[in-house]
Amino acid sequence: MTRTLALCAAAALAAAASVPQAVAQSKPPAVERDATTEEFEKFRVVLEADNPAELFEAKGEELWKTARGPKNASLERCDLGLGPGVVKGAYVQLPRYFADTGKVMDAEQRIVHCMVTLQGFDAATLAKQPFSTETRTPDPVAITTFVAGQSRGLKIAPSQAHPQERATYALGREIFFYRAGGYDFSCASCHGEDGKRIRTQQLPNFTRPDEAIRSYQGWPGYRMTGGVMHTLQWRLWDCFRQQRFPEPGYVSDSLTALLTYLAVNSKGQVYKGPGIKR
Amino acid sequence: MGDPMKIRTKLEGDVLDVRVLMAHPMETGQRKDGAGNVVPLHFIQTISAQLNGKPVFQADTSQAISRNPVFGFKVKGAKAGDRLSITWTDNKGDKRTDEVTIPTA
Amino acid sequence: MTEPSRRTALKRTGAVAATAFAAGLLRPAEALADWNRSAFESKTVADALRNLKVASPADTKDIVIRAPDIAENGAVVPIEIQSNLAGTKSIVVLIDKNPFPYAASFDFAQGALPYVALRVKMGETSNVRVVAATADGKFHAAVKEVKVTIGGCGG
Amino acid sequence: MKRFAALLLVATAPAVVPPPAAADDPRAAAVASLQRDFKPRGAVTMNVLVEDGVQAICNRTDDKPPKEIAQRLEQDQLAAIRWPPDGKLLGDWKAGEQIAQSGRGMTWSDPAGSPGGGSCYNCHRIGPQETSFGTIGPSLFQFGRIRGNGADVQRYVFGKIYNAKAYSLCSQMPRFGHVGALSEQQIRDLVALLLDPASPVNK
């Protein structure tokens, strides 16, 4: 092996990401941001101040309050964890354990559950085209946006009191670090280090509390590409696509586990409400 | 026609800061849908804002305005209780007007 | 609309309209009939300005354009424009490299300040060009470059 | 996709972590969860969720495999590289730039059989004209200018793109040639992008 080759290999080794498996305990140093990221963040404030997501929040509120579906019922009896009909503050406490289903559920999963049980909608039909397009915003997306908006300014506070909530977190953590697929990627390949970018997009390090909030912050998000509203269900779905994994099931338990991992890592941070994304 | 606008106002002294969000696809006529068909040009062409019935701010716009448009403008000489109405019209003849009363600060 | 529109009102003030207003920035008559198709369908900045009847705008530092140096997404580029020129009646926004550069025009009256915030689509890195018409019939211009880049995984 | 390393896994995995009872194995639970909730789509099958030997070692050691195991597996990966029979490693840098720009390939939305890209700019700075580049990997700007383009460097770059794990076992870089994401010619073109003196990378 020549000297040049050895140097290259050393550089490659140094560049290989090391994935910390533990969430940092002490306050980690601030993540360095480059000039491009600084510029994006400056104008993100402008974009967030007047966010078309509000149009979808309004739509979702109307859907929540209107009697619809085969059972002609509104969602005002839907229990998001704080009692039937309580929307304020529910989003930041999800995912959580629900005794009636015997499992941990995330916001959209629970909303779909309510649409099926209270309004009589068909789960399989809702799962058929669950994501927004330029011409169609699925009802659960608008409703989730409304529900999320009702937690604006509140701290992320998912419960870890129930053994199933802790088990779900542990499962989510395993999924986060699991490398597989054609490209050998795990979630951590892109989201396990500080201050990294894909192209010009800042990649939050979801293993740090101050960065993990960025997985929650901004979602549901008004996506500038296409001008459509997306929830975390879409975000994870498209992440797995780019991870070269098979297609995750909509509102499936694996996604809830991952969302639990992200939510618990974001605990204590303030949720700013539906956001705006690239 | 169309979904309601979101109109937000903030009175700073006698200057009214207005922000308006409009639900509109603002199709450029260049985009193709999932089936590969070109989506026809569909965009807001004019916007007019009136304060107590008097025109204050008017815009002519093209398809270069982003989808679900956001505009901001400022009017001097406004006060709480004034009525602000905003109307848009698009190239298909659709039209929508929304009105708010400026709240007491 | 119960009261006459401002544009109709402006048309009646014939003498004043003869200068800036005849220049096409402030159009007479009803809005839709008014929408300047030839300017909006112009494919170059020069053609658009000609069709808007903007004559030799002078560069100025008194139009403040706040837009990102590098846009996160060309589909939504936030632009804030403030004219500090006395007697600013209207503002035109052009995106030099867009297929149709003329993006919008804004008219201010009855206490409206010469300020506007808008969001535009930009196909590629380009100058954002702002032309203001003042009551003295003169035109003033300022530009700001906005870089448009590829953002995500590109797949 | 070739999963030749499965044998290696049998040979080496027990030396690292003895397989625990499935019930309290969180990784096994995670895999079971993924197998239950995910569906094959397009060209992506459920098989890709099954770790190969390299993935298994990296997953079990937080990407920090013991040195001797890493070296052994790296040697095996290196030995599996298919070098061009004609020995030509330098292709067309212009074609390489296009491949470096493209982030397509091996997702469920990529049509099977269509040529993929290298996603290189997603993680690396490369050519000076492209300002939209990622920082997950090191900058490759001036790569050939700094290192020259001798036979050994060409061989290293070809090998690294073909199978990054042959040089650093738990590297985050995909094994583009090994898994068939890039063809021999595409890798040659990328080698040229990095090493050709005429490439903008080396200007």
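In this predicted model, R175(D) forms a salt bridge with D184(A), in which the closest N and O atoms lie 2.6 Å apart. Five salt bridges are found by the rule across the interface of chain A and chain D.

The interface can also be described by its residues and its area. Contact between the two chains involves 47 residues of chain A and 66 residues of chain D. Together, chain A and chain D bury about 4900 Å² between them, and 56% of this lies on carbon and sulfur atoms. On the side of chain A, Y178(A), R179(A) and R199(A) supply 18% of the area buried against chain D, more than any other three residues.

Within chain D, a pair of helices is described next. The axes of helix α8 (residues 151-162) of chain D and helix α9 (residues 184-195) of chain D come within 9 Å and cross at roughly 130 degrees. Because of this angle, α8(D) is oblique to α9(D). The crossing of the two helices, α8(D) and α9(D), is right-handed. The residues that make the contact are set out below.

| Helix | Residue range | Contact residues |
|---|---|---|
| α8(D) | residues 151-162 | V153(D), Q154(D), V157(D), F158(D), I161(D) and Y162(D) |
| α9(D) | residues 184-195 | E184(D), I187(D), R188(D), L190(D), V191(D), L194(D) and L195(D) |

Methods
Residues are numbered from 1 along each chain as its sequence is written. Chains are lettered from A and ligands numbered from 1 in the order in which they are written. This is a predicted model: local features need pLDDT of at least 70, side-chain atom pairs count only at pLDDT 80 or more; totals for chains, interfaces and linings use all residues. Side-chain values use heavy atoms; hydrogens and water are left out. Axes are lines fitted to C-alpha atoms, for helices over the stretch in contact, and angles run from 0 to 180 degrees between N-to-C directions. Helices (H or I, at least four residues) and strands (E, at least two) are DSSP runs, numbered from the N terminus. Angles under 35 degrees count as roughly parallel, over 145 as roughly antiparallel, 65 to 115 as roughly perpendicular and the rest as oblique. A crossing is left-handed if the near helix is turned anticlockwise from the far one by less than a right angle, and right-handed if clockwise. Contact means heavy atoms within 4.5 Å. Buried area is the accessible area (1.4 Å probe) that two parts lose on being put together, summed over both. A salt bridge is a side-chain nitrogen of Lys or Arg within 4 Å of a carboxyl oxygen of Asp or Glu.
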